[in-house]
Amino acid sequence: MSIEVVIAGGGWAGCAAAYGAVLQGAKVTLLEKTDMLLGTGLVGGIMRNNGRYTATEEMIALGGGEIFRIIDENIRHKNVEFPGHEHASLYDVGKISGVIYRFLKKIGTKIEFQARMSKVQMDGKRILNVQTDDGRKFGGEMFIDATGSAGPMNNCRKFGNGCAMCILRCPSFGGRISLTGEAGIPEIQGKRANGKLGAMSGSCKLFKESLSGEIIDQLEEKGVAVIPLPEDLRENHLSEKACQQYALDDFTENIILLDTGHAKLMTSYFPIDKLRRIPGFEDARYEDPYAGGKGNSIRYMAMSPRDNSLKVEGAENLYCAGEKAGLLVGHTEAIVTGILAGYNSVREASGLETLILPESLAVGDMIAFVKKEMGTEEGIERKYTFSGSVYFKRMKDRGLYLMDINKIKKKVEMVGLKGVFSNRVVHDL
Ligand SMILES: Cc1cc2nc3c(=O)[nH]c(=O)nc-3n(C[C@H](O)[C@H](O)[C@H](O)COP(=O)(O)OP(=O)(O)OC[C@H]3O[C@@H](n4cnc5c(N)ncnc54)[C@H](O)[C@@H]3O)c2cc1C
């Protein structure tokens, strides 16, 4: 009999957790409230920029590289440069969800769509099962909270500019409900630099075909278009943004577009009447969020207290990953923590020691640093990503930012963790 792991939330973190647990021989059920995998990853796309390159290569050397390899195979552009960011890859947001779905099915993951976890049955501090809106129960030895931190609608209303009709589609599928919260564990709330709770998502998607032929050509050829904005059309939402790695003046002084299939507009929101005054944008319209002229989703409202193995404090058999695991921004960050949470959940259920990644690797340092920072007043107002802002600076200061793949492999070998995620030490019981 295998260990059974139930994961709530099928964003990048939940998908990676499924992969990490399956690699260790677990039987995995992934519950996703909507009808597609990848959550906010359905409208993201930027990979390998700045320190994310190092983190990706570390994960490959650690034996958790398959998801990154699949993403690399589904990119539209490689080595894209835009203000403050180098060697970015842009995946195709139109295709990636289907590709990951087929991969997870192939490795044996049971995926349930329109399965919003809304109740948790506990025995003391132990989770026995979770229940979905329609009354189905899913039991297992281990549970992983990967429900993200975006929404629900009342948070977007209260702390943002209202529901902006984002990809998570709360009106159709119900708002986010967290497993940690339902298990009765108090969650942690992030803040913006201006003191407000949560943070607003930092990019919108424009329907590419609604832009001028010249902009489309530039995007398709280079992956990026930087269009200077006259002063009277500038919108400054930098302090509101979740992704502080893009909170640079260049992102206010220019329209920065990236080609992820849609034209990814690197700002939280931009009034459409103003946007249409820019040459080439006369017919522009939003694809995500649909009300991108007005606002965007609010995130980081509910994170799980956890240790550095990603075990949630306050429950006996609960792990967390992605945005649930802290003020972490990004797909890479969600995948890294997802794989570790999946791996450790099976190790613990099998009576084996769990893994804390060493701080000599960027992936280990980041997990430990975020936990520490979130305990401080300033730290709770920041966001952490390998790709910029405070954490990328720390990576550089500590010599953790490496671009040489052989050096990264050597480092992983030196700490004795080569291939650790794919070495299956847990066998059927
Ligand atoms: C507009 C936007 C653009 C972005 N662009 C980029 C980018 O280009 N590059 C980058 O690296 N990062 C980007 N990010 C950030 C990145 O997408 C996230 O930090 C990361 O993907 C979070 O993954 P996650 O799995 O933790 O959470 P989410 O992506 O939020 O996934 C959580 C999943 O859980 C589901 N869920 C919630 N509650 C329940 C429940 N009760 N039961 C079942 N399912 C539930 C949700 O439907 C969702 O699918 C972007 C974010 C946004 C919002």
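Mentor: Start with Trp12: one of its backbone N or O atoms sits 3.3 Å from an oxygen atom of the ligand. That makes it a polar contact, meaning a pair of N or O atoms within 3.5 Å; inside the protein, one atom must be able to donate a hydrogen and the other to accept it, and residues adjacent in sequence count only if both atoms are side-chain atoms. Ile177 also uses a backbone N or O atom, which lies 2.8 Å from a ligand nitrogen. With Lys264 it's a polar side-chain atom instead, 2.8 Å from a nitrogen atom of the ligand. Taken alone, the ligand would expose 1,000 Å², and the protein buries 97% of that (areas by the Shrake-Rupley method with a 1.4 Å probe; for residues, only the protein chains shown count as cover). Helix 1 (12-23) and helix 11 (331-349) are the elements giving two or more residues to the shell around the ligand; helices (H or I, at least four residues) and strands (E, at least two) are DSSP runs, numbered from the N terminus.

Before going on, keep in mind that this is a predicted model, where local features need pLDDT of at least 70 and side-chain atom pairs count only at pLDDT 80 or more, while totals for chains, interfaces and linings use all residues. Residues are numbered from 1 along each chain as its sequence is written, and side-chain values use heavy atoms, with hydrogens and water left out.

Now the whole shell. The ligand is surrounded by 37 residues, and the closest are Glu32, Thr40, Lys264, Glu323 and His331; a residue is near when one of its heavy atoms lies within 4 Å. By type, the shell splits into 13 nonpolar, 16 polar and eight charged residues. Here Ala, Val, Leu, Ile, Met, Phe, Trp, Tyr, Cys and Pro are nonpolar, Asp, Glu, Lys and Arg are charged, and the others, Gly among them, are polar. Domain 1 (4-195 + 298-422) and domain 2 (199-288) each supply at least three shell residues, with bounds from an automatic or database domain assignment.

On to the links elsewhere. The structure holds 26 salt bridges, each a side-chain nitrogen of Lys or Arg within 4 Å of a carboxyl oxygen of Asp or Glu. In one of them, Lys311 meets Glu348 at 3.0 Å, N to O. Lys311 is in the loop between strand 17 (298-299) and strand 18 (318-320) and Glu348 is in helix 11, so that pair links parts of the chain 37 residues apart. Lys311 is buried at 19% relative accessible area, while Glu348, at 25%, is partly exposed; buried means under 20%, exposed over 50%, and partly exposed in between (1.4 Å probe, protein chains only).

Another bridge joins Asp365 and Arg394, with the closest N and O atoms 2.7 Å apart. Because Asp365 is in helix 12 (residues 362-373) and Arg394 in helix 13 (residues 389-397), the pair ties together parts 29 residues apart in sequence. Both Asp365 and Arg394 are buried. There's also a network: Arg76, Asp92, Lys208, Glu220 and Asp259 are joined by salt bridges that share partners.

Last stop, Ser97, which you'll find in helix 4 (residues 96-106). Its relative accessibility is 8%, so Ser97 counts as buried. The Ser97 side chain reaches the backbone oxygen of Leu37 at 3.1 Å.
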